[in-house]
Amino acid sequence: LGKNSSKVKIVSSFVTIENINQLLSDNGISGEVDLLSIDIDGNDYWVWGAINVINPRVVVMEYNASFGWDKSMTIKYSQNFDADKIEPIYHGASLSALKKLANAKGYVLVGCESHGIDAFFVRQDIARGKLIELEPTEAYYPHSERSKIMGSTEKQFEKIKNLDFDNV
C-alpha cells in the first residue's frame with residue numbers, strides 16, 4: 001500500500017505469472033516497496049521472476065527445503081498448479097535456484113529462518129556495505145516439521161524425484 005494509505009486492502013485472486021503485474025498495478029502498488037513476501041506453495045519462483053512493476057527493498061521467499069541446498073531446481077510452471085493434487089511437498093524452488101534468480105534480479109541472499117521455510121533477500125544497493133551475501137550452504141536449514149515426520153532431506157526428495165522439474 002502507498003505511504004498515504006490508511007487502510008488495508010484484501011484482494012482474493014489465484015496468482016499466476018500472467019496476472020501478477022496487473023494485480024499489483026490494479027491495486028495501486030508500483031515502484032519501490034519495502035517488503036515483498038511470496039509464499040504461494042507452488043509457482044513462487046516463476047511469480048517472482050515475472051514481477052516487474054515493483055522494486056522491493058527486501059524479499060521474503062518460501063523455499064522448498066525438501067530439494068536440499070545443492071540442487072538448483074524448481075517445479076515446472078503450470079498456470080493452474082495445485083500441490084495438493086500432485087504431492088504436498090512438490091512445490092516451489094530450491095534455495096540455490098532462488099539465489100540465482102535473486103542475483104539476476106539484483107538481490108543477495110542474507111539468510112534463512114531456522115525452520116527451513118523462508119529465505120531473505122535484500123536488494124544489492126541496500127545490502128552493499130551492510131550485509132554479507134550468503135551461499136545456500138551457509139543459509140540453508142532443513143524443513144524442521146518434515147524432517148520430524150519424513151526423515152532426512154534425502155528421504156523427502158526421494159518421494160518426489162520423478163516429478164517434473166526445471167533445473168535452473
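I began with Leu-95, which is found in helix α4. Here a helix is a DSSP run of H or I with at least four residues, a strand is a run of E with at least two, and both are numbered from the N terminus. Before going on, I noted that this is a predicted model, in which local features need pLDDT of at least 70 and side-chain atom pairs count only at pLDDT 80 or more, while totals for chains, interfaces and linings use all residues. I also noted that residues are numbered from 1 along each chain as its sequence is written, and that side-chain values use heavy atoms, with hydrogens and water left out.

**Entry 1: Leu-95**

Is Leu-95 buried or exposed? I found it buried, at 0% relative accessibility. My cut-offs are under 20% relative accessible area for buried, over 50% for exposed and partly exposed in between, with a 1.4 Å probe and protein chains only.

Next I listed the contacts of Leu-95, taking contact as heavy atoms within 4.5 Å. Setting aside neighbours within four places in sequence, Leu-95 meets Tyr-63, Leu-109, Cys-112, Ala-119, Pro-136, Ala-139 and Tyr-140. I also checked Tyr-141, 46 residues from Leu-95 along the chain, and found 9.7 Å between the two C-alpha atoms.

**Entry 2: the rest of α4**

How many of the 10 residues of α4 are buried? I count seven, and the helix is mostly covered. The buried ones are Leu-95, Ser-96, Ala-97, Leu-98, Lys-99, Leu-101 and Ala-102. I was happy to see a lysine and a serine on that list. Looking for the cover over these residues, I found that it includes α2, β2, β3 (73–75), β4, β5 and α6 (136–139). After α4 comes Gly-106, with a positive phi near 95 degrees.

**Entry 3: the cores**

For a nonpolar core I take a set of buried Ala, Val, Leu, Ile, Met, Phe, Trp, Tyr and Cys residues joined through side-chain atoms within 4.5 Å. The largest has 29 residues, and Trp-48, Ile-51, Tyr-63, Leu-95 and Phe-121 have the most contacts inside it. At least two residues of this core come from each of α1 (20–26), β1 (31–38), α2 (44–50), β2 (54–62), α4 (95–104), β4 (107–112) and β5 (118–123). Which element gives the most to this core? My answer is α4, with five residues.

A second, separate core has 10 residues, among them Met-73, Ile-75, Phe-81 and Phe-157.

Not counting residues up to four places away in sequence, Trp-48 touches Leu-36, Ile-38, Val-59, Met-61, Leu-98, Leu-101, Ala-102, Lys-105, Tyr-107 and Phe-121.

Asn-64 sits in the loop between β2 and β3, yet I find it buried, with a relative accessible area of 0%. Beyond residues up to four places away in sequence, Asn-64 touches Ile-89, His-91, Ala-93, Ser-94 and Arg-146.

Gly-68 also has its place in the loop between β2 and β3. Its relative accessible area is 4%, so I call Gly-68 buried too. From Gly-68 to Val-168 I get 14 Å, C-alpha to C-alpha, across 100 residues of sequence.

Asp-41 lies in the loop between β1 and α2. Phi of Asp-41 is near 50 degrees, a positive value in a residue other than glycine. Most residues other than glycine have a negative phi. Asp-41 is partly exposed, with a relative accessible area of 41%.

**Entry 4: the whole protein**

I then stepped back to the overall fold. The protein has eight helices and six strands, in the order α-β-α-β-β-α-α-β-β-α-α-α-α-β. Its radius of gyration is 16 Å, close to the 15 Å of the globule rule for 168 residues, so the protein is as compact as a globular protein of that length. That radius is taken over C-alpha atoms, and the rule is 2.2 Å times the number of residues to the power 0.38.

Of the 168 residues, 43% are buried. Among contacts with a separation of 6 or more, 67% join residues 24 or more positions apart.
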